[in-house]
Amino acid sequence: MKIVILDKNTVTNGDLSFAPIEAIGEVAAYDAMAHEKLADAIGDADAVICNKAVLSHDVIEKCPKLKYIGLFATGYNNIDVAYARERCIAVCNVPGYSTQSVAQHTFAFILALAGSTCEYTESTRNDGWIKSHTFSYFPFPLIELSGKTLGIFGYGSIGREVAKIGRAFNMNIIVNTRSSEKVTDAEVVARDELFARSDFLTLHAPLTPETEKMVNEKTLSLMKKTAFLINTSRGGAIDEKALAGALNCGKIAGAGLDVLTVEPMASDNPLKSAKNCLITPHIAWAPFETRVRLIDRVAENLAAFAGGTPINVVNK
(Lines give C-alpha, C1' and ligand atoms only; values in the text may rest on other atoms or scores of the structure.)
Protein backbone atom coordinates (compact mmCIF):
# COMPACT_ATOMS: atom_id res chain seq x y z
CA MET A 1 0.00 0.00 0.00
CA LYS A 2 1.29 3.44 -0.94
CA ILE A 3 0.57 5.93 1.86
CA VAL A 4 0.98 9.71 1.92
CA ILE A 5 1.00 11.70 5.16
CA LEU A 6 0.14 15.38 4.75
CA ASP A 7 0.80 18.28 7.18
CA LYS A 8 2.86 16.05 9.45
CA ASN A 9 4.26 19.13 11.22
CA THR A 10 0.82 19.71 12.74
CA VAL A 11 1.20 16.41 14.60
CA THR A 12 4.88 16.28 15.48
CA ASN A 13 7.79 18.66 15.90
CA GLY A 14 10.17 15.73 15.61
CA ASP A 15 9.26 14.13 18.92
CA LEU A 16 7.06 11.35 17.50
CA SER A 17 7.61 8.35 15.25
CA PHE A 18 5.31 7.30 12.42
CA ALA A 19 6.61 3.74 12.69
CA PRO A 20 3.14 2.22 13.35
CA ILE A 21 1.95 3.66 10.02
CA GLU A 22 5.20 2.84 8.21
CA ALA A 23 4.72 -0.80 9.18
CA ILE A 24 1.61 -0.95 6.99
CA GLY A 25 3.05 0.26 3.70
CA GLU A 26 5.34 2.60 1.79
CA VAL A 27 5.08 6.06 3.38
CA ALA A 28 5.90 9.53 2.05
CA ALA A 29 5.40 12.33 4.58
CA TYR A 30 5.11 16.07 3.94
CA ASP A 31 4.80 19.20 6.04
CA ALA A 32 1.86 21.55 5.51
CA MET A 33 1.72 22.91 1.97
CA ALA A 34 -0.39 25.13 -0.26
CA HIS A 35 -3.75 23.70 -1.27
CA GLU A 36 -2.86 23.64 -4.95
CA LYS A 37 0.06 21.29 -4.25
CA LEU A 38 -1.93 18.64 -2.38
CA ALA A 39 -3.02 16.57 -5.37
CA ASP A 40 0.54 16.33 -6.69
CA ALA A 41 1.77 15.25 -3.25
CA ILE A 42 -0.88 12.53 -3.03
CA GLY A 43 -0.23 11.43 -6.61
CA ASP A 44 -0.96 7.73 -7.14
CA ALA A 45 -1.20 6.87 -3.44
CA ASP A 46 -3.77 4.35 -2.21
CA ALA A 47 -4.16 6.12 1.12
CA VAL A 48 -3.69 9.64 2.44
CA ILE A 49 -3.65 10.75 6.07
CA CYS A 50 -4.02 14.39 7.05
CA ASN A 51 -4.88 16.67 9.91
CA LYS A 52 -6.10 20.06 8.65
CA ALA A 53 -5.27 19.84 4.93
CA VAL A 54 -8.45 20.48 2.95
CA LEU A 55 -9.21 17.50 0.72
CA SER A 56 -11.87 19.10 -1.43
CA HIS A 57 -13.63 17.73 -4.50
CA ASP A 58 -10.98 19.14 -6.84
CA VAL A 59 -8.12 17.53 -4.88
CA ILE A 60 -9.75 14.11 -4.56
CA GLU A 61 -10.78 14.14 -8.23
CA LYS A 62 -7.12 14.38 -9.27
CA CYS A 63 -6.16 11.28 -7.26
CA PRO A 64 -7.67 8.34 -9.22
CA LYS A 65 -6.06 5.56 -7.17
CA LEU A 66 -7.12 6.91 -3.79
CA LYS A 67 -9.12 4.41 -1.72
CA TYR A 68 -8.69 5.70 1.83
CA ILE A 69 -8.57 9.05 3.64
CA GLY A 70 -7.48 8.95 7.28
CA LEU A 71 -7.49 11.82 9.74
CA PHE A 72 -5.18 12.77 12.58
CA ALA A 73 -8.32 14.21 14.17
CA THR A 74 -11.87 13.62 15.29
CA GLY A 75 -13.38 16.39 13.15
CA TYR A 76 -13.59 15.88 9.39
CA ASN A 77 -15.14 19.09 8.06
CA ASN A 78 -12.00 19.59 5.93
CA ILE A 79 -12.87 16.52 3.83
CA ASP A 80 -15.48 16.38 1.05
CA VAL A 81 -17.01 13.26 2.55
CA ALA A 82 -19.93 13.20 0.10
CA TYR A 83 -17.65 13.07 -2.92
CA ALA A 84 -15.40 10.55 -1.19
CA ARG A 85 -18.47 8.34 -0.66
CA GLU A 86 -19.38 8.76 -4.33
CA ARG A 87 -15.87 7.59 -5.22
CA CYS A 88 -16.10 4.69 -2.70
CA ILE A 89 -13.22 6.19 -0.70
CA ALA A 90 -13.42 5.42 3.01
CA VAL A 91 -12.93 8.40 5.33
CA CYS A 92 -11.89 7.40 8.86
CA ASN A 93 -11.46 9.66 11.89
CA VAL A 94 -10.12 9.06 15.40
CA PRO A 95 -12.82 9.63 18.04
CA GLY A 96 -12.01 9.86 21.71
CA TYR A 97 -8.21 10.00 21.55
CA SER A 98 -8.00 13.42 23.28
CA THR A 99 -10.81 13.18 25.81
CA GLN A 100 -8.59 13.35 28.90
CA SER A 101 -6.24 16.03 27.56
CA VAL A 102 -9.03 18.37 26.43
CA ALA A 103 -10.83 17.97 29.75
CA GLN A 104 -7.53 18.69 31.51
CA HIS A 105 -6.99 21.85 29.45
CA THR A 106 -10.55 22.96 30.15
CA PHE A 107 -9.86 22.82 33.87
CA ALA A 108 -6.49 24.47 33.43
CA PHE A 109 -8.45 27.47 32.15
CA ILE A 110 -11.06 27.22 34.90
CA LEU A 111 -8.43 27.06 37.65
CA ALA A 112 -6.34 29.87 36.16
CA LEU A 113 -9.39 32.13 35.92
CA ALA A 114 -10.73 31.21 39.35
CA GLY A 115 -7.38 31.85 40.98
CA SER A 116 -6.28 34.84 38.85
CA THR A 117 -3.11 32.81 38.37
CA CYS A 118 -1.73 34.85 35.47
CA GLU A 119 -2.29 38.15 37.29
CA TYR A 120 -0.64 36.96 40.51
CA THR A 121 2.32 35.46 38.63
CA GLU A 122 2.86 38.70 36.73
CA SER A 123 2.46 40.80 39.89
CA THR A 124 4.99 38.68 41.76
CA ARG A 125 7.41 38.86 38.85
CA ASN A 126 7.10 42.66 39.00
CA ASP A 127 8.02 42.75 42.73
CA GLY A 128 4.45 42.99 44.02
CA TRP A 129 5.14 40.49 46.81
CA ILE A 130 8.49 42.03 47.61
CA LYS A 131 6.78 45.38 48.12
CA SER A 132 3.87 43.94 50.08
CA HIS A 133 3.34 45.22 53.64
CA THR A 134 1.80 41.90 54.69
CA PHE A 135 2.71 38.24 54.26
CA SER A 136 -0.07 37.85 51.70
CA TYR A 137 -1.89 40.20 49.35
CA PHE A 138 -4.91 39.60 47.15
CA PRO A 139 -5.82 42.50 44.86
CA PHE A 140 -7.15 40.11 42.20
CA PRO A 141 -10.28 37.96 42.62
CA LEU A 142 -9.97 34.47 44.08
CA ILE A 143 -12.93 32.14 43.57
CA GLU A 144 -13.68 28.84 45.28
CA LEU A 145 -15.10 26.31 42.81
CA SER A 146 -17.05 24.31 45.39
CA GLY A 147 -20.75 25.07 45.04
CA LYS A 148 -20.37 26.91 41.75
CA THR A 149 -22.41 25.86 38.71
CA LEU A 150 -20.51 24.31 35.83
CA GLY A 151 -22.50 24.51 32.59
CA ILE A 152 -21.50 22.11 29.84
CA PHE A 153 -22.70 22.58 26.26
CA GLY A 154 -22.35 19.22 24.51
CA TYR A 155 -22.28 16.06 26.59
CA GLY A 156 -20.22 13.59 24.62
CA SER A 157 -17.10 11.90 25.95
CA ILE A 158 -15.25 15.17 26.64
CA GLY A 159 -18.24 16.86 28.23
CA ARG A 160 -18.73 13.88 30.52
CA GLU A 161 -15.05 13.87 31.49
CA VAL A 162 -15.25 17.59 32.33
CA ALA A 163 -18.34 16.90 34.45
CA LYS A 164 -16.47 14.18 36.33
CA ILE A 165 -13.68 16.61 37.20
CA GLY A 166 -16.23 19.26 38.15
CA ARG A 167 -17.88 16.88 40.60
CA ALA A 168 -14.49 16.27 42.22
CA PHE A 169 -14.45 20.02 42.94
CA ASN A 170 -18.01 19.77 44.34
CA MET A 171 -19.43 21.84 41.50
CA ASN A 172 -23.07 21.67 40.44
CA ILE A 173 -23.34 20.29 36.89
CA ILE A 174 -25.91 21.41 34.32
CA VAL A 175 -25.79 20.40 30.66
CA ASN A 176 -27.35 21.10 27.30
CA THR A 177 -27.18 18.35 24.71
CA ARG A 178 -29.04 17.01 21.68
CA SER A 179 -29.16 13.60 23.40
CA SER A 180 -30.88 14.70 26.59
CA GLU A 181 -32.69 11.38 26.94
CA LYS A 182 -29.33 9.66 27.48
CA VAL A 183 -28.26 11.91 30.38
CA THR A 184 -28.78 10.31 33.79
CA ASP A 185 -26.00 11.93 35.82
CA ALA A 186 -26.62 15.66 35.38
CA GLU A 187 -29.41 18.21 35.18
CA VAL A 188 -30.39 18.91 31.56
CA VAL A 189 -31.47 22.48 30.81
CA ALA A 190 -32.41 24.55 27.76
CA ARG A 191 -29.65 26.50 26.03
CA ASP A 192 -30.70 29.92 27.35
CA GLU A 193 -30.93 28.56 30.88
CA LEU A 194 -27.43 27.11 30.53
CA PHE A 195 -26.07 30.57 29.70
CA ALA A 196 -28.06 32.23 32.48
CA ARG A 197 -27.21 29.86 35.35
CA SER A 198 -23.58 28.92 34.69
CA ASP A 199 -20.73 30.34 36.74
CA PHE A 200 -18.38 28.58 34.32
CA LEU A 201 -19.74 27.72 30.88
CA THR A 202 -17.66 25.35 28.75
CA LEU A 203 -18.29 24.34 25.12
CA HIS A 204 -17.81 20.75 23.91
CA ALA A 205 -19.83 20.39 20.73
CA PRO A 206 -18.92 20.13 17.03
CA LEU A 207 -19.28 23.13 14.74
CA THR A 208 -22.57 22.86 12.86
CA PRO A 209 -25.02 25.39 11.40
CA GLU A 210 -26.84 25.17 14.76
CA THR A 211 -23.77 25.86 16.88
CA GLU A 212 -22.04 28.45 14.67
CA LYS A 213 -21.83 31.75 16.61
CA MET A 214 -24.10 30.35 19.31
CA VAL A 215 -22.12 32.56 21.69
CA ASN A 216 -23.25 35.97 20.51
CA GLU A 217 -24.47 39.30 21.81
CA LYS A 218 -27.85 37.84 22.77
CA THR A 219 -26.60 34.74 24.61
CA LEU A 220 -23.77 36.67 26.29
CA SER A 221 -26.36 39.11 27.66
CA LEU A 222 -27.95 36.17 29.52
CA MET A 223 -24.77 35.39 31.45
CA LYS A 224 -23.88 36.56 34.93
CA LYS A 225 -21.36 39.40 35.18
CA THR A 226 -19.32 37.05 37.36
CA ALA A 227 -19.39 34.17 34.84
CA PHE A 228 -16.56 32.76 32.75
CA LEU A 229 -16.67 31.23 29.27
CA ILE A 230 -14.37 28.36 28.20
CA ASN A 231 -14.01 27.08 24.64
CA THR A 232 -11.86 24.10 23.69
CA SER A 233 -14.16 22.89 20.89
CA ARG A 234 -14.32 25.03 17.73
CA GLY A 235 -13.68 28.76 17.40
CA GLY A 236 -16.61 29.25 15.04
CA ALA A 237 -19.02 28.65 17.92
CA ILE A 238 -18.25 32.19 19.14
CA ASP A 239 -18.96 35.61 17.65
CA GLU A 240 -15.53 36.92 18.57
CA LYS A 241 -16.40 40.60 18.23
CA ALA A 242 -19.38 40.13 20.56
CA LEU A 243 -17.27 38.26 23.11
CA ALA A 244 -14.53 40.90 23.06
CA GLY A 245 -17.16 43.57 23.66
CA ALA A 246 -18.66 41.62 26.56
CA LEU A 247 -15.25 41.16 28.18
CA ASN A 248 -14.18 44.77 27.73
CA CYS A 249 -17.48 46.11 29.08
CA GLY A 250 -17.52 43.75 32.06
CA LYS A 251 -20.65 41.92 30.91
CA ILE A 252 -18.87 38.67 31.82
CA ALA A 253 -15.82 38.16 34.03
CA GLY A 254 -13.43 36.36 31.71
CA ALA A 255 -12.78 33.72 29.08
CA GLY A 256 -10.38 30.89 28.32
CA LEU A 257 -10.05 30.01 24.64
CA ASP A 258 -7.99 27.32 22.94
CA VAL A 259 -9.65 27.76 19.54
CA LEU A 260 -10.45 30.70 17.29
CA THR A 261 -12.46 31.14 14.11
CA VAL A 262 -9.33 31.76 12.04
CA GLU A 263 -6.23 29.72 12.90
CA PRO A 264 -3.41 30.68 13.17
CA MET A 265 -4.74 33.72 15.02
CA ALA A 266 -5.19 36.84 12.89
CA SER A 267 -3.30 39.93 14.07
CA ASP A 268 -6.52 41.95 14.17
CA ASN A 269 -8.53 39.45 16.20
CA PRO A 270 -10.48 41.54 18.74
CA LEU A 271 -9.88 38.96 21.48
CA LYS A 272 -6.11 39.50 21.33
CA SER A 273 -6.39 42.55 23.59
CA ALA A 274 -9.68 41.77 25.33
CA LYS A 275 -9.80 42.02 29.13
CA ASN A 276 -9.19 38.85 31.15
CA CYS A 277 -9.08 36.65 28.08
CA LEU A 278 -6.68 33.70 28.19
CA ILE A 279 -5.80 32.31 24.76
CA THR A 280 -3.75 29.22 23.95
CA PRO A 281 -2.86 28.14 20.38
CA HIS A 282 -5.17 25.11 19.90
CA ILE A 283 -3.09 22.80 22.09
CA ALA A 284 -5.67 21.06 24.28
CA TRP A 285 -5.29 17.94 22.13
CA ALA A 286 -1.51 18.05 21.94
CA PRO A 287 0.21 16.55 25.04
CA PHE A 288 2.90 14.06 24.04
CA GLU A 289 1.01 11.06 25.37
CA THR A 290 -2.13 12.12 23.52
CA ARG A 291 -0.32 12.42 20.19
CA VAL A 292 1.33 9.01 20.66
CA ARG A 293 -2.16 7.56 21.20
CA LEU A 294 -3.34 9.41 18.08
CA ILE A 295 -0.62 7.90 15.88
CA ASP A 296 -1.39 4.42 17.20
CA ARG A 297 -5.13 4.78 16.50
CA VAL A 298 -4.56 6.22 13.04
CA ALA A 299 -2.44 3.15 12.31
CA GLU A 300 -5.17 0.88 13.71
CA ASN A 301 -7.72 2.51 11.40
CA LEU A 302 -5.50 2.02 8.36
CA ALA A 303 -4.61 -1.57 9.27
CA ALA A 304 -8.30 -2.41 9.70
CA PHE A 305 -9.08 -0.95 6.28
CA ALA A 306 -6.18 -2.84 4.68
CA GLY A 307 -7.49 -6.01 6.30
CA GLY A 308 -10.95 -5.56 4.87
CA THR A 309 -12.69 -4.64 8.14
CA PRO A 310 -12.67 -0.81 8.24
CA ILE A 311 -13.44 0.97 11.50
CA ASN A 312 -14.38 4.57 12.39
CA VAL A 313 -15.72 5.22 8.89
CA VAL A 314 -17.61 8.53 8.82
CA ASN A 315 -19.00 8.24 5.27
CA LYS A 316 -20.47 4.74 5.13
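Predicted model: local features only at pLDDT ≥ 70, side-chain atom pairs only at ≥ 80, totals over all residues.
Local features are reported only where pLDDT is at least 70, side-chain atom pairs count only at pLDDT 80 or more, and totals for chains, interfaces and linings use all residues. Residues are numbered from 1 along each chain as its sequence is written, and side-chain values use heavy atoms, with hydrogens and water left out.

**Backbone exceptions**

Most residues other than glycine have a negative phi, and most peptide bonds are trans.

| Residue | Phi | Loop between |
|---|---|---|
| Lys-213 | about 50 degrees | strand S9 (200–203) and helix H9 (217–221) |

Cys-88 is exposed, with a relative accessible area of 67%, whereas Lys-213, at 45%, is partly exposed; exposed means over 50%, buried under 20%, and partly exposed in between, with a 1.4 Å probe and protein chains only. A cis peptide bond, with omega about 0 degrees, joins Glu-263 to Pro-264, and Pro-264 belongs to the loop between strand S11 (254–257) and strand S12 (277–279).

**Helices H5 and H7**

The axes of helix H5 (residues 99–114) and helix H7 (residues 157–168) come within 9 Å and cross at roughly 50 degrees, the axes being lines fitted to C-alpha atoms over the stretch in contact, with angles from 0 to 180 degrees between N-to-C directions. This angle makes H5 oblique to H7, a class left over once angles under 35 degrees are called roughly parallel, over 145 roughly antiparallel and 65 to 115 roughly perpendicular. On the H5 side, the residues that meet H7 include Val-102, Ala-103 and Phe-107, and their counterparts in H7 include Ile-158, Val-162 and Ile-165; contact means heavy atoms within 4.5 Å.

**Nonpolar cores**

In soluble globular proteins, nonpolar side chains tend to be buried together. A nonpolar core here is a set of buried Ala, Val, Leu, Ile, Met, Phe, Trp, Tyr and Cys residues joined through side-chain atoms within 4.5 Å. The largest has 28 residues, of which Leu-203, Leu-229, Leu-243 and Leu-271 touch the most other members. Helix H8 (191–197), S9, helix H10 (240–248) and S11 each supply at least two residues, and H10 gives the largest share, five. Beyond its neighbours within four places in sequence, Leu-243 is in contact with residues including Leu-220, Ile-252 and Leu-257. A second, separate core has 24 residues, among them Ala-53, Cys-63, Leu-66 and Val-81.

Notes:
Helix = DSSP H or I, 4+ residues; strand = E, 2+ residues; numbered from the N terminus.
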